[in-house]
Amino acid sequence: MEKKIPYKIYLEEQEMPRQWYNVRADMKKKPAPILNPGTLEPITFEELSGIFCEELARQELDENTRYFDIPEEIRNFYKMYRPSPLVRAYCLEEKLDTPAHIYYKFEGNNTSGSHKLNSAIAQVYYGKKQGLKGVTTETGAGQWGTALSMACSYFGLDCQVFMVKCSYEQKPFRREVMRTYGAKVTPSPSMETKVGRKMNEEFPGTTGSLGCAISEAVEAALSQEGYRYVLGSVLAQVLLHQSIIGLETKAALDKYGIRPHMIIGCAGGGSNLGGLISPFAGEILRGEADYKLIAVEPASCPSLTRGVYAYDFCDTGKVCPLAKMYTLGSSFIPSANHAGGLRYHGMSSTVSELYAQGLIEARSVEQIEVFKAAETFARIEGILPAPESSHAIKAAIDEAIQCRESGEEKNIVFGLTGTGYFDLTAYQKYNDGEMEDYVPTDEQLRQSICGLPKVEIE
């Protein structure tokens, strides 16, 4: 007998995963190694542990261990908000008059308001265990900075956040949450670092970028004894921690015998997307199942759909390791649109390699259409979504409409990465008709892509 599917599928606490999943272990062709920016040779553990704490450096370089145990201290913290619910969007289905079944994995049920806390608490835990005084980081829309400030407060570490300037100005309330948790928040580019001063000199009035904020955060970490840099996306270690999203999603679907036809995630640096799709991609790689995996990125920063697959610096200041990824060039400065968390010039090496192998399809969407989808979702499902999450909502609605037109009954799953209650300036511009779409020209992309470093390595 088919199990009756409830509105919200909650896993029991004992069903929460006890291990993170490393999708690289199941990839026959692994992501290309990250490189030392000085030597252009694959980076060593000793070199990487000068930037990141030691356990995170080990996780970053380990491409063969399939599962990593989640320490009890992290699991105990997770229990405050995990397992997170998988929700059937019945009302949205009815409104769209679609035969499709739409499910969303809701990661906004914690004070930080997003999935970012899953990795923040892990990274800070390992830093505390190593005896660090504090950590530095960057943040775009502010979700990562908020999550990190919460984690640092919990474990008693100092937290220094360089926030992309346009988001610092557009999202003052997100900034104040970080400060409430004890973080020092600095608009980037700032005058506090060499990189920041150089960027302000070369690009007067710049609104900043994640690449620039990363450079400032790394410089700040390297200049202070007892500090390390932590990153909220892109890296393999982050996708490892975020795999708890996909593992819980799969467990909930399996519990009720639901087979998803497609899994959709917004894409910026790859943390949410990679975490959500990893267990499903693993099944594809092992030949156990087949799914349609969809990455949705902003048309204003289209690294997958218009970038090139090449080695590039992960930061504008060119002090971080180089990664082979789909990139628009580290000098690319995205427009100051409202999907701040997706305004990164490159894509995770793991996600990039999965895309190159054809396991993922990518599409880009423009800002106004994204907010139309967000408005529809908020009015029908009762949650105000983050602008980043709304890229996935847009694609899910498009797929559901296609099902209506074809008469196909498909199961659509997407990641609702967080809430948009700190993004009301963006919603105000949309409601007032002041929002504009921006798509970079081919010439603009050519200029930044032409600056890619010359790297020859197999």
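Mentor: Helices (H or I, at least four residues) and strands (E, at least two) are DSSP runs, numbered from the N terminus. This is a predicted model, in which local features need pLDDT of at least 70, side-chain atom pairs count only at pLDDT 80 or more, and totals for chains, interfaces and linings use all residues. Residues are numbered from 1 along each chain as its sequence is written, and side-chain values use heavy atoms, with hydrogens and water left out.

Trainee: Which residue follows helix 6, and what is its phi?

Mentor: G156 comes after helix 6, and its phi is positive, near 75°.

Trainee: How many residues of helix 6 are buried?

Mentor: Buried means under 20% relative accessible area, exposed over 50%, and partly exposed in between (1.4 Å probe, protein chains only). In helix 6, eleven of the 13 residues are buried, so the rest of the structure largely encloses this helix. Among them are W144, L148, M150 and F155.

Trainee: Which elements do the buried residues of helix 6 pack against?

Mentor: Contact means heavy atoms within 4.5 Å. The partners include helix 5 (117-130), strand 6 (134-139) and helix 16 (387-406).

Trainee: Where does V234 lie, and is V234 buried or exposed?

Mentor: V234 sits in the loop between strand 9 (227-229) and helix 11 (236-255). Its phi is near 70°, a positive value in a residue other than glycine. V234 is buried, at a relative accessible area of 9%.

Trainee: What is the phi of L40, and where does L40 lie?

Mentor: The phi of L40 is near 60°, again positive in a residue other than glycine. L40 belongs to the loop between strand 2 (19-21) and helix 1 (45-48), and counts as partly exposed because its relative accessibility is 32%.
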